Amino acid sequence: MENFAASVRQAGIALRDLFEPTPLQKNDHLSARYGAEIWLKREDLTPVRSYKLRGAFNAMRKAVAAGGRHFVCASAGNHAQGMAYACRHFGVRGTIFMPVTTPRQKIDKTRIFGGDAIEIVLTGDYFDQTLAAAQDFAGTEGASFLAPFDDPDVIEGQATVGLEVLAQLDGPPDVVVLPVGGGGLSAGITRLFAELAPGCRTEYAEPEGGASLQGALVQGAPVTLPAVDNFVDGAAVARIGALPFSVLSGQRPDQVHLAPEDRICATMLDMLNIEGIVLEPAGALAVDVLPDIPDLAGKRVVCICSGGNFDFERLPEVKERAQRHSGLKRYFILRMPQRPGALRDFLQLLGPDDDIARFEYLKKSARNFGSILIGIETTRPENLEHLRERLEAAGIGHRDITRDPVLAEFLI
């Protein structure tokens, strides 16, 4: 344990060649909401807008000292950008494998950070295919493969986040909330705090559709999730890393709080609209689970905001999902009689604050009834419940598909 903290300190000193410590900011809005002292560690403000630069830099620093000159990784996001930035800093060659489906914005940002030092290879429709290609290439070329989280030097680099937190406060926090994907960041800070701030309580945040740490803690060993919701792309990992789990295996499953993807969207909009803070879905995890963590009142709480690489082309989707979570938007399939005036009768059932956001009507002349897909936005959740009651009273058949994952994905 003692050697780990000393190594993290050395990593932190070396990291100052790239950037100063990221801000630790008290957030009055969240503090008032939870009756606690809520601090945000702004990892969205590193040069690559995520903490991933720390681990990539630290692992590369050690490999370069040992003679490494060519590095390989597989990533569609923050890890790729962190490695690209580190390659340019050290003046070494980097080959970054990305899935063919990677958005152009992420490819372009990675290329900007790496410049002439890197080559980007697009291969594979799915990340597992991309990863296999990257590892095969590294073996063939004799290059160093830079893992995103399952590597001791990467974990050590990510732990510098915790070292900065302890230096920026006048005492250890009572609670630290750590987002979890592959586990590198959470394992590094957990191990560091066990030594330097043993009285601090650690809580963990995972996306509901990628609860690999909670699954591993329940089973007592890493497990591979049968399916993963990729919306929280920075933390949607099917299997937690073996090395991170060796650090986190002593935690309790009830210390892991699952963030529903739609609620994360509401949190992202809340932080953007009220605080002007742009967070990617994974970056909002720690803030999102605050209402689920017990005994926060009066405590000093640090949330790690792990990244802010958000593509604003996704904003309509985020708003849509946030409205659904808040109960301000619902989708119905209505069964309407095919007669003149039927649609007018339905429209008269809408309340003064109900707005039609989606309308598709398929008229089939051979049938007495037709189907309508309709999306309704409103100002208060109870408005939509009252509309449902009016539909029933009017005898209009309806089905709420808002939370039906198959129909919603296909039709909405």
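A nonpolar core is a set of buried Ala, Val, Leu, Ile, Met, Phe, Trp, Tyr and Cys residues joined through side-chain atoms within 4.5 Å. Keep that in mind as you walk through this predicted model.

**Start with the domains.** Colour the protein by its domain assignment: domain 1 covers 4–50 + 159–318, domain 2 covers 56–145, and domain 3 covers 327–411.

**Next, the largest nonpolar core.** It has 34 residues, and those touching the most other members are Ile38, Leu40, Val177, Val287, Leu290, Val301 and Cys303. H12 supplies the largest share, 5 residues.

Zoom in on valine 287. Beyond its neighbours within four places in sequence, what does valine 287 contact? Look for Leu30, Leu40, Thr267, Met271, Cys303 and Cys305. Apart from this core lies another one, of 33 residues, including Phe4, Ala197, Ile240 and Ile304.

**Now the rings.** The structure has 4 aromatic pairs. One of them joins phenylalanine 310 and phenylalanine 312, edge-to-face, with 5.1 Å between centres and 70° between planes. Phenylalanine 310 counts as buried because its relative accessibility is 10%, whereas phenylalanine 312 is partly exposed at 43%.

**Finish with two arginines.** Select arginine 321: its charged end sits over the ring of phenylalanine 231, 4.4 Å from the ring's centre. Then find arginine 88, which lies over the face of tyrosine 85, 5.7 Å from the ring centre.

Conventions. Residues are numbered from 1 along each chain as its sequence is written. This is a predicted model: local features need pLDDT of at least 70, side-chain atom pairs count only at pLDDT 80 or more; totals for chains, interfaces and linings use all residues. Side-chain values use heavy atoms; hydrogens and water are left out. Rings of Phe, Tyr and Trp (its six-membered ring) pair if their centres lie within 6.5 Å; planes under 30 degrees apart count as stacked, over 60 as edge-to-face and the rest as tilted. Buried means under 20% relative accessible area, exposed over 50%, partly exposed in between (1.4 Å probe, protein chains only). A charge sits over a ring if NZ of Lys or CZ of Arg is within 6 Å of the ring centre and within 35 degrees of the ring normal. Domain bounds come from an automatic or database domain assignment. Helices (H or I, at least four residues) and strands (E, at least two) are DSSP runs, numbered from the N terminus. Contact means heavy atoms within 4.5 Å.
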